[in-house]
Amino acid sequence: MSSTQLNATNGQAVKVITVANQAGSVGKSTMVAALAALLAADGKRVLVVDADSQANVSHSLGVASTEVAHHTGDVLLRRAEILDALVETNTDGVLLLPGHADLATDLVELNSMPIAALRLRKPMQEAVAEHDIDVVLIDCPGSVSLLTVIALAVATSVVTVTMPSLKEVQGIAPFMSTVQDTAEELELDIRLDAIIPCAVPPANAGRVYSEALAWLDDNYGELLTPTVRRTALVAEAASNGVPVTAYVPHEDVSDDCRKVLADLQGRGVL
């Protein structure tokens with residue numbers, strides 16, 4: 001648990017899961033949208049924070065970032081209250097603090113501010129209390145930046161997503177160092193709790209994939225969740241602005257996502 005705990009109106013501690021990695025295009029936003037939809041279907045009140053200027057998870061939840069009144073950057077820079085920035089999504093039970101392309105320029109201003117890493121704590125507590133949130137999922141940028149550190153500063157658990165290529169999996173170690181450095185600097189009790197292998201091809205797809213998965217297992221076996229298979233359905237769901245588990249609920253890839261959720265729940269992450 002982090003040193004700053006968010007509590008729901010009933011006094012229960014709220015899970016805050018920061019999903020981040022060292023490189024983009026690995027299925028991170030897909031997993032955040034899928035997990036949010038699955039948790040909401042199970043009766044949880046979910047808040048998704050899109051801290052990425054690409055706003056992919058916003059799109060997957062049916063929100064066009066270009067049409068929102070306020071976004072994550074506005075809240076971090078105190079241009080808007082978080083309660084005014086939250087929007088409903090295409091998934092009942094899921095609220096969204098949208099991402100926006102302007103986050104890229106907002107980051108420059110944030111970098112010049114003292115104690116910028118802590119600027120999400122108070123707004124998030126307000127959102128949790130007002131909307132009786134059970135779980136917060138934060139989708140971070142595709143590379144480590146101050147926005148990632150801001151998300152780590154409110155996390156109760158940290159999860160990363162990777163593809164089965166040596167380049168991607170070798171980015172896990174530097175990301176773990178970022179988590180450790182942030183924990184030490186801000187006096188937080190956080191660590192990397194799980195690694196989700198995504199876009200995993202069939203076993204016969206080639207040695208490069210099987211070797212990467214074997215390397216993952218050898219080095220981080222205790223952190224690995226079940227794998228999420230590679231399929232064009234994920235891209236189709238994203239293009240249509242729908243979580244993959246809602247777009248094709250009965251396909252194998254959605255079953256994969258359910259197994260990941262069950263694994264994270266078994267670890268106490270969710």
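Contact is taken here to mean heavy atoms within 4.5 Å, and a residue is called buried when its relative accessible area is under 20%. The structure described is a predicted model.

The strands of the model include an open sheet of seven members, arranged in the order β3-β4-β2-β5-β1-β6-β7 and with mixed pairing. Strands β3 (87-88) and β7 (192-197) stand at the edges, and because each has a single partner strand, one side of each is left without a neighbour in the sheet. Within the sheet, strand β2, formed by residues 46-50, pairs with strand β5, formed by residues 135-139, in the parallel sense over five bridges, and in this pairing L47 has V136 of β5 as its bridge partner.

Strand β1, comprising residues 15-19, is mostly covered, with four of its five residues buried. Its pairing with β5 is parallel and extends over five bridges, V19 standing opposite D139 of β5. The pairing of β1 with β6 is likewise parallel and involves three bridges, and here T18 stands opposite V158 of β6. In a regular strand, the side chains alternate between the two faces of the sheet.

Helix α9 (residues 172-186) packs on this sheet, where it touches β6 (157-162) and β7, and its direction makes about 150° with that of β7. The helix has 15 residues and reaches 21 Å from its first C-alpha to its last, close to the 21 Å expected at 1.5 Å a residue. Its buried residues are I172, F175, T178, V179, T182 and A183; seen down the axis of α9, these fall within an arc of 130°, so they line one face of the helix. On the other side of α9, E184 and E185 are exposed. The cover over the buried residues of α9 includes both strands and helices, namely β6 and β7 together with α7 (146-152), α8 (166-169) and α10 (207-220). Just after α9, residue E187 adopts a positive phi of about 55°.

Helix α8, one of the elements that cover the buried residues of α9, contains K167. This lysine counts as exposed because its relative accessibility is 70%, the cut-off for that class being over 50%. The C-alpha atom of K167 is separated by 27 Å from that of P243, a residue 76 positions away along the chain.

Definitions and conventions:
Residues numbered from 1 in each chain as written. Predicted model: local features only at pLDDT ≥ 70, side-chain atom pairs only at ≥ 80, totals over all residues. Heavy atoms only, no water. Pairing = 2+ DSSP bridges. Helix = DSSP H or I, 4+ residues; strand = E, 2+ residues; numbered from the N terminus. Axes fitted to C-alpha atoms, helices over the stretch in contact; angles between N-to-C directions. Expected span 1.5 Å × (residues − 1). Buried < 20%, exposed > 50% of the residue type's maximum accessible area, 1.4 Å probe, protein only. Arc of directions from axis to C-beta.
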